[in-house]
Amino acid sequence: MTQGASLLLPTDWRDFLALTKPRVMSLVIFTGLCGLLAAPQATHPVLGFTAVLCIAMGAGGSAALNQWWEADLDSAMKRTSKRPLPSGRMDKGAARDFGVALSAGSVFLMGVAIGWLAAAILALAIVYYAVVYTIWLKLRTPQNIVIGGGAGAFPPLIGWVAATGEITLMPVLLFAIIFFWTPPHFWALALFVKTDYARVGIPMMPVVAGERSTRLQILGYAALLLLLSMAPWWIGGTGAVYGLSALALGLAFLVLSARVGLRMPVEGDTMKPEKQLFGYSVLYLFALFAALVADRLIMA
Amino acid sequence: MSDNLLPDSEHIARIRRSRNNVLGLLLGAFVVLVFFISIAKMG
């Protein structure tokens, strides 16, 4: 179906749902929930649910704004060309309005139901992703993922603050873990979809600095991540269940990163180590935060 | 209206109906959520 013909149809609700990037949102919801559950103060289940719902709505709203802004870029990239906007199944204005309404609604509900500190951090996370990363950094610097990674690092901090009402060292460390996890995660992806990024002029690290430099940086970030992920245990914020899990998971991350960092692909390479690292990096974050919650439950 | 336009009209109506159903469910869920938030905050 052509784009013109598609736009004659009203937008299906599934396309609005797709606009929120549900797969990415699952990680956001999970880390936000873990931040909430790992906090030393128990939350009323309804308020806990509401906090996580607000985090999900905020993530969905900022994802919609991201796709509204990047509709033209997405249409030129194979990986993103099937999304509702580039494929012509949705009007750009509808996507923008949906994103603004969802974002504003999430901050308002968080403020009224949970607290205005958590709402302020949620608002900051939305602006960080939709404006600082999407509009400002993404097309300007190969450090886009490094600095922009902060946007995805907010959920456990928001979850923790929603439960306790204050910012302490532990949630800041959880923020830092995701911040340092983001570059190796995205650069592993960027290594095997490099041509897509280059075609639309996004200055991803492999395109600008070259593969050798990117691979070594992946290894460097993985080493930093291992140390950082152990920090909650070292400062006494968690028990051995988390500490030993973080050590095992981080060592596996480091080994997979070393396989990527210390090689150069040949012509016709299937990029298997890069794909494995990308897949493992998602599993790593889920497992690390699950260990954090398990540790809290055991300690309690 | 010609016959070949009828399936399109049905398709449009089906999309609208499913959108309305989802929106109705979401609004209902929101009302229920606000009710429970009020109870939780009073407690």
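The model is predicted: local features need pLDDT of at least 70, side-chain atom pairs count only at pLDDT 80 or more, and totals for chains, interfaces and linings use all residues. Residues are numbered from 1 along each chain as its sequence is written, while chains are lettered from A and ligands numbered from 1 in the order in which they are written.

Chain A averages a pLDDT of 92, and 97% of its residues score at least 70. Within chain A, confidence is lowest in helix α1 (residues 3-7), with a mean of 51. It is highest in α13(A), at 97. Helices (H or I, at least four residues) and strands (E, at least two) are DSSP runs, numbered from the N terminus.

Helix α13 (residues 240-261) of chain A packs with helix α12 (residues 211-234) of chain A: their axes come within 9 Å and cross at roughly 175 degrees. Axes are lines fitted to C-alpha atoms, for helices over the stretch in contact, and angles run from 0 to 180 degrees between N-to-C directions. The crossing angle makes α12(A) roughly antiparallel to α13(A) (over 145 degrees). Among the residues making the contact are Leu219(A), Leu226(A) and Trp233(A) of α12(A), and Tyr242(A), Leu247(A) and Phe253(A) of α13(A). By class, the contact has 18 nonpolar, five polar and one charged residues. Ala, Val, Leu, Ile, Met, Phe, Trp, Tyr, Cys and Pro count as nonpolar, Asp, Glu, Lys and Arg as charged, and the others, Gly among them, as polar.

The largest nonpolar core holds 88 residues. Such a core is a set of buried Ala, Val, Leu, Ile, Met, Phe, Trp, Tyr and Cys residues joined through C-beta atoms within 7 Å. Buried means 20 or more other C-beta atoms within 10 Å; exposed means 12 or fewer, and partly exposed lies in between. Met110(A), Ala118(A), Leu122(A) and Ile158(A) touch the most other members. Helix α9 (residues 169-192) of chain A gives the most, with 14 residues. Beyond four places in sequence, Met110(A) is in contact with Ala51(A), Cys54(A), Ala118(A), Ala119(A) and Leu122(A).

Chain B has one helix and zero strands. Buried residues make up 0% of its 43 residues. 10 residues of chain B are in contact with nine residues of chain A. On the chain B side, these are seven nonpolar, one polar and two charged.

Note on methods
Two residues are in contact if their C-beta atoms, placed from the backbone, lie within 7 Å. Angles under 35 degrees count as roughly parallel, over 145 as roughly antiparallel, 65 to 115 as roughly perpendicular and the rest as oblique. pLDDT is the predictor's confidence in each residue, from 0 to 100.
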